[in-house]
Amino acid sequence: MTQRPQARIGTIAYATLALVAFAANSVLCRIALSQGAIDPATFSTVRLTSGAATLLLLTMRPQGQGVPVAHSWISAGLLALYAIPFSFAYTRLTASTGALVMFGTVQVTMLIAALRSGERPDFTQWIGLGVALAGLVYLMAPGVSAPPLAAAALMGVAGFAWGMYSLRGRHTAQSLGQNASNFVRAVPFVFVVSAVDMSHFHVEPNGLLLACASGILASGLGYVAWYAALGGLSATRAAIVQLAVPVLAAAGGVMLLGEAISARLVLSTIAILGGIALAIIGRERMRGHT
């Protein structure tokens, strides 16, 4: 169905805001942790707590109704499993590398889930998936410019958890309420991690502000913008436009943190994002022939 011009402009605007917000999560987290303004466990706790509060406010109805009944401790656990390794990984990864590893893992996770659900990929999809995996392997291969393996593995866990979280929420009719519920239920998980890691507790005012910005703006309001955009995007377009996130994160890292862009990162980015785009387009083309 063709969108009206005004609706299309709205979709583009919401999608742009959402993609900037997703990239901002990487940049804000990296700024806070690289400056030593907050410890990673506390960053995760503040981020999810402030995000939960924001989403709760957004789900309130004029009649005083609360969060819709759409509770899932599994989804909440996956959300926490994403947020906690995400923060710890950014103690040693640049904004661009972290976003690339996470996004690549998210998309590979979702493509593998499609295979497990019974989809039969064509040659184009296999080539795309292979190229993307090769890009990840090349990025992680030993060498002077290779990212720290432990930190990259943590970001891979975060990407896997976010991919599974996204898959579980694809078909919900109350996405905002579902996310609010999940955020609220994820808060106890991050508080437990903060308690266990209490010996490393450290927070400064600017670290607290950065974590709140990540939770309220980049997470809470960013997700709202994304759900508003999804109404005007096909599944394929929604997947493809997300390819911009690592690029935006890299730009933010260069401008705000002075991070260098290595040849390895550039080549890996081309391989990972190009391979994923090829696989997504191939899957959509295959569906069009069924």
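The following legends describe views of a predicted model.

**View 1. Overall fold of the protein.** The protein holds eleven helices and zero strands, assigned as DSSP runs (helices: H or I, at least four residues; strands: E, at least two) and numbered from the N terminus. Of its 290 residues, 50% count as buried, that is, under 20% relative accessible area with a 1.4 Å probe and protein chains only, whereas exposed means over 50% and partly exposed lies in between. Among contacts (heavy atoms within 4.5 Å) with a separation of 6 or more, 90% join residues 24 or more positions apart.

**View 2. Packing of helices α4 and α10.** Helix α4 spans residues 95–116 and helix α10 residues 244–257; their axes come within 7 Å and cross at roughly 165°. Axes are lines fitted to C-alpha atoms over the stretch in contact, with angles from 0 to 180 degrees between N-to-C directions. The two helices are therefore roughly antiparallel, a term for angles over 145 degrees. A95, S96, A99, L100 and F103 of α4 meet P246, A249, A250 and G253 of α10 in this contact.

View 3. A search of the whole structure finds zero disulfides, defined as pairs of cysteine sulfur atoms within 2.5 Å. C29 is buried, at a relative accessible area of 0%, while C212 is partly exposed, at 25%.

**Conventions.** Residues are numbered from 1 along each chain as its sequence is written, and side-chain values use heavy atoms, leaving out hydrogens and water. In this predicted model, local features need pLDDT of at least 70 and side-chain atom pairs count only at pLDDT 80 or more, whereas totals for chains, interfaces and linings use all residues.

Terms used:
Parallel < 35°, antiparallel > 145°, perpendicular 65-115°, else oblique.
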